[in-house]
Amino acid sequence: MKKRFIAGALALSMVLAGTGYAYWTDSLNMTTKATTGNMGVKFLDLGLYAQYADEGKGWSIIDGVGDDGYIDSNYFLRGTSNYNIIAKEGSVEGYYDAADGYNDVSFGAKLVTPTKMNVTVGPYKALAVDVSDNIDISVENIYPGYAQAFRTDIANVGNIAAKLSKINITSEGQNVGNIKDMIGIAMYVQREYCEETASTLDNVVGLAENFDEDDIFTMGGVDFVRLSALEEKGFTPEIENEKLLTVSSENRMDVFFGVAMDPDAEGVYTTGSTDVMNDNDDTISMDKAVEISIDFLWDQFNEGVGNDAPANILENQNR
């Protein structure tokens with residue numbers, strides 16, 4: 001009896017010793033999830049001027065052909081039938097036929113490596129419209145007194161508003177002769193369907209307004225800035241209404257672009273008209289080529305804004 005009691009007491013002591021070091025615990029967890037948006041600005045709806053009735057005034061091409069010497073802006077009118085073509089069917093070929101025997105000009109405009117837009121922006125439906133980061137416009141075999149206009153839209157297909165911060169324009173080529181003096185460009189950008197203002201159209205930037213009279217020549221009421229002036233002075237405009245809103249808005253930008261060759265009847269760069277016949281070498285401006293590059297540079301809309309906000313209580317954790 002006595003021996004059995006002692007053994008039982010030892011067993012109990014061992015159990016008590018095993019639990020003597022335990023204590024209560026608890027934990028809390030805070031989970032934060034953050035995702036990033038995306039900013040994407042694309043060209044779309046590229047075409048010859050003009051594609052819509054409200055754009056359709058004045059000229060689309062000045063070529064000196066026929067009694068009028070120009071092609072009316074509604075000649076290539078495409079409307080909203082197909083945003084992925086640059087002109088109504090058969091109109092480009094029709095122009096070539098009409099100009100046959102007068103010039104051998106050819107022209108085109110295309111989106112480079114296009115993809116389908118995956119959102120809807122205004123009238124442009126998702127997966128129905130081609131978009132791209134780059135467009136390629138070509139005008140070949142032009143001559144003094146020829147001018148042509150093009151148009152395109154810029155839309156935000158991301159979910160962060162973008163701000164047009166800079167526009168860079170450069171030109172380059174080998175053996176260009178004097179065509180940088182004779183070839184000029186015109187460009188006007190407007191903002192469409194602005195949410196901040198009552199107006200449906202607002203100026204963004206114009207090209208010629210940033211240059212002096214000596215830097216331009218005028219055709220069809222439009223001032224064209226010589227490539228040589230752009231090269232010498234650069235292009236650093238004040239950009240208005242620069243924000244391009246997110247996909248919840250119809251807002252977008254319209255870009256109108258023109259290229260022309262100075263008629264130069266006074267014979268500054270050529271021999272001029274027969275009334276002038278200056279002693280210049282016309283071959284300097286013949287059979288030449290130049291490539292013009294226009295870069296639209298974008299920041300996210302809040303660049304430079306908000307970092308000076310007054311501190312909150314979190315500043316107490318700063319070192």
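The model is predicted, so local features need pLDDT of at least 70 and side-chain atom pairs count only at pLDDT 80 or more, whereas totals for chains, interfaces and linings use all residues. Residues are numbered from 1 along each chain as its sequence is written, and side-chain values use heavy atoms, with hydrogens and water left out.

The side chain of Lys 116 meets that of Asp 130 in a salt bridge, at 2.9 Å from N to O (a side-chain nitrogen of Lys or Arg within 4 Å of a carboxyl oxygen of Asp or Glu). Because Asp 130 belongs to strand 6 (residues 130-131) and Lys 116 to strand 5 (residues 115-116), this contact ties together parts that are 14 residues apart in sequence. Helices (H or I, at least four residues) and strands (E, at least two) are DSSP runs, numbered from the N terminus.

The whole structure contains 14 salt bridges. Arg 151 takes part in one with Asp 153, where the closest N and O atoms are 3.0 Å apart. Both Asp 153 and Arg 151 are buried.

Arg 151 also forms a salt bridge with Asp 254, with the closest N and O atoms 3.7 Å apart. Arg 151 lies in strand 8 (residues 147-156) and Asp 254 in strand 15 (residues 252-261), so the pair joins parts that are 103 residues apart in sequence. The relative accessible area is 2% for Arg 151 and 3% for Asp 254, and Asp 254 is likewise buried. Arg 151, Asp 153 and Asp 254 belong to a network of salt bridges that also links Asp 45, Glu 55, Arg 78, Glu 192 and Arg 252.

## Aromatic pairs

The count of aromatic pairs comes to 12. Rings of Phe, Tyr and Trp (its six-membered ring) pair if their centres lie within 6.5 Å; planes under 30 degrees apart count as stacked, over 60 as edge-to-face and the rest as tilted. The ring centres of Tyr 49 and Phe 256 are 6.1 Å apart and the planes stand at 85°, so this pair is edge-to-face. It links distant parts of the chain, 207 residues apart: Tyr 49 is in the loop between strand 1 (41-48) and strand 2 (59-62), and Phe 256 is in strand 15. Tyr 49 and Phe 256 are both buried.

Tyr 83 and Tyr 124 form another edge-to-face pair, with 4.6 Å from centre to centre and 70° between the planes. Tyr 83 lies in the loop between strand 3 (70-72) and helix 2 (91-99), and Tyr 124 in the loop between strand 5 and strand 6, so the pair ties together parts that are 41 residues apart in sequence. Both of these tyrosines, Tyr 83 and Tyr 124, are buried.

An open sheet of 3 strands has the order 14-9-16, and its pairing is antiparallel (two strands pair if DSSP finds at least two bridges between them). Strand 14 (243-244) and strand 16 (291-300) are the edge strands, each pairing on one side only.

Strand 9 (residues 162-172) pairs with strand 16 over 10 bridges, in the antiparallel sense. Within this arrangement, Ile 169 stands opposite Ile 294 in strand 16.

How values were computed: Buried means under 20% relative accessible area, exposed over 50%, partly exposed in between (1.4 Å probe, protein chains only).
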